[in-house]
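Here is a short briefing on a single protein model. Topics follow in groups.

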Amino acid sequence: MTPVLESSSASSDEARWQAVLARDAAQDGLFYYGVGTTGIFCRPACPSRLPRRENVVYFETPEAAQAAGFRACLRCQPGQVSVQQQAVAQVKCLLDNSETAPTLAELARATQLSPAHLQRLFKAQVGVSPKQYALARRAERLKARLRSGSDVTTALFDAGHASASTLYSSQTDQLGMAPGAYQKGGAGQRIAYAVVSSRLGQMLVAATPRGLVAVRFGEDTELLAELRSEYPHAELSDDGPALQAQISAIQAYLAGQERSLNLPRDVSSSDFQCRVWEALQAIPYGETRSYAQVAEMIGSPAAVRAVARACASNPVALIVPCHRVVRSDGALSGYRWGVERKRALLKNEREGK
Ligand SMILES: [Zn+2]
């Protein structure tokens, strides 16, 4: 994700030094400082004894500090993703996937931080408040959908907006869950679906008024059986017209006319899956990453297998571009909808780039 606005990070040496003096955790991840006399580099908030200012040099990234010959401090572990960075990633994940933004209090509960701390931390890291971020993301989504054409898009957007606010008033404490997530089995959910032909064969698209629940490839009978078994209690209706906007956007992407598929999803997930899917959405069109790289992106470098499982459990093909994850040696490895489809998608993207 590109930042919404320029970050308000400490950019001058003076501001950085003040952050070091204050051990300001809100500046975490925005810069690192190395101490010439010890050869060690730290986060701004490191609890270690403060260095003398004349011995301090600043770096944008841990890699830059290491390249300059500094070793990571054992106390503040600047090479790892911090709790603060994870909290910000989790909040972005929640905001990216909701039509109606959760309140600051809800976000604070989800990250187990105080509202004031979260507000300050998010603003320092992202450059805008969670609320401004959510509004900007929502505006981007609306624009993307208006670009894709039909009047149905606006109607869908309004419908999603109205029903989402009702949802949030009754659901306040889904720790670590995507806001769209609720009862298992889809009780009380209305899901419209359509099976259409696409460049990659039969494609099932299914959505609630809040967002997509499935984008999948296969044979139509299997696709429908799978959807029914996952949402046994939902009210399913075969309703292509209701999904026209999403289907057009996906077809345009498959035809190489559209590079980003900024469509909201409404799928429940664990916090871990959410972070993996968020990381996948940050991989640019036409590029790939290894499972190990994705594990590093989300701050869990040891969780390579869990990342692979999260990719394999992606219910919304293309929207969460799990096809952009390959093995470290560049081999394609698996794809939930077959390695041939993965190959075709990546080829398409390389050519369309
Ligand atoms: Zn340190």
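How many helices and strands does the protein have? It has 13 helices and 10 strands, where helices (H or I, at least four residues) and strands (E, at least two) are DSSP runs numbered from the N terminus. The model is predicted: local features need pLDDT of at least 70, side-chain atom pairs count only at pLDDT 80 or more, and totals for chains, interfaces and linings use all residues. Residues are numbered from 1 along each chain as its sequence is written, and side-chain values use heavy atoms, with hydrogens and water left out.

**Overall**

- Of the 353 residues in the protein, 48% are buried. Buried means under 20% relative accessible area, exposed over 50%, and partly exposed in between (1.4 Å probe, protein chains only).
- Take the contacts (heavy atoms within 4.5 Å) between residues at least 6 apart in sequence: 64% of them join residues at least 24 apart.

**The four-stranded sheet**

- Strands of a sheet pair through backbone hydrogen bonds, either parallel or antiparallel.
- Four strands form an open sheet in the order β7-β6-β5-β8, with mixed pairing. Two strands count as paired if DSSP finds at least two bridges between them.
- The edges are β7 (211-217) and β8 (235-238). Each has a single partner strand, so one side of each is left without a neighbour in the sheet.
- Neighbouring strands of this sheet are turned by 25 degrees against each other on average, direction ignored. The axes are lines fitted to C-alpha atoms, for helices over the stretch in contact, and angles run from 0 to 180 degrees between N-to-C directions.
- β5 (residues 190-198) and β8 run parallel, joined by four bridges. R190 stands opposite E235 in β8, and A192 stands opposite S237 in β8.
- β5 and β6 (residues 201-208) run antiparallel, joined by seven bridges. V195 has L204 in β6 as its bridge partner. A hairpin of two residues connects β5 to β6.

**Helix α13**

- Helix α13 covers residues 339-352, which is 14 residues. At 1.5 Å a residue it should span 20 Å, and its end C-alpha atoms are 20 Å apart, which agrees. The expected span is 1.5 Å times one less than the number of residues.
- K342, L345, L346 and E349 are buried in α13. Seen down the axis of α13, its buried residues fall within an arc of 95 degrees, so they line one face of the helix. The arc is that of the directions from the helix axis to the C-beta atoms.
- An α-helix has 3.6 residues a turn, so residues three or four places apart point the same way.
- E340 and E351 are exposed on the other side of α13.
- The buried residues of α13 pack against α9 (244-254), α11 (291-297) and β10 (325-326).

**Helix α12**

- In α12 (residues 304-312), the buried residues are V307, A310 and C311. Viewed down the axis of α12, they fall within an arc of 100 degrees, so they line one face of the helix.
- R305 and R309 are exposed, on the face of α12 turned away from its buried side.
- The cover over the buried residues of α12 includes α10 (271-281), α11 and β10.

**Q125**

- Q125 sits in helix α5 (residues 115-126).
- Is Q125 buried or exposed? At 16% relative accessibility, Q125 counts as buried.
- A polar atom of the Q125 side chain lies 2.2 Å from the backbone oxygen of D28.

How values were computed:
A polar contact is a pair of N or O atoms within 3.5 Å; within protein, one must be able to donate a hydrogen and the other to accept it, and residues adjacent in sequence count only if both atoms are side-chain atoms.
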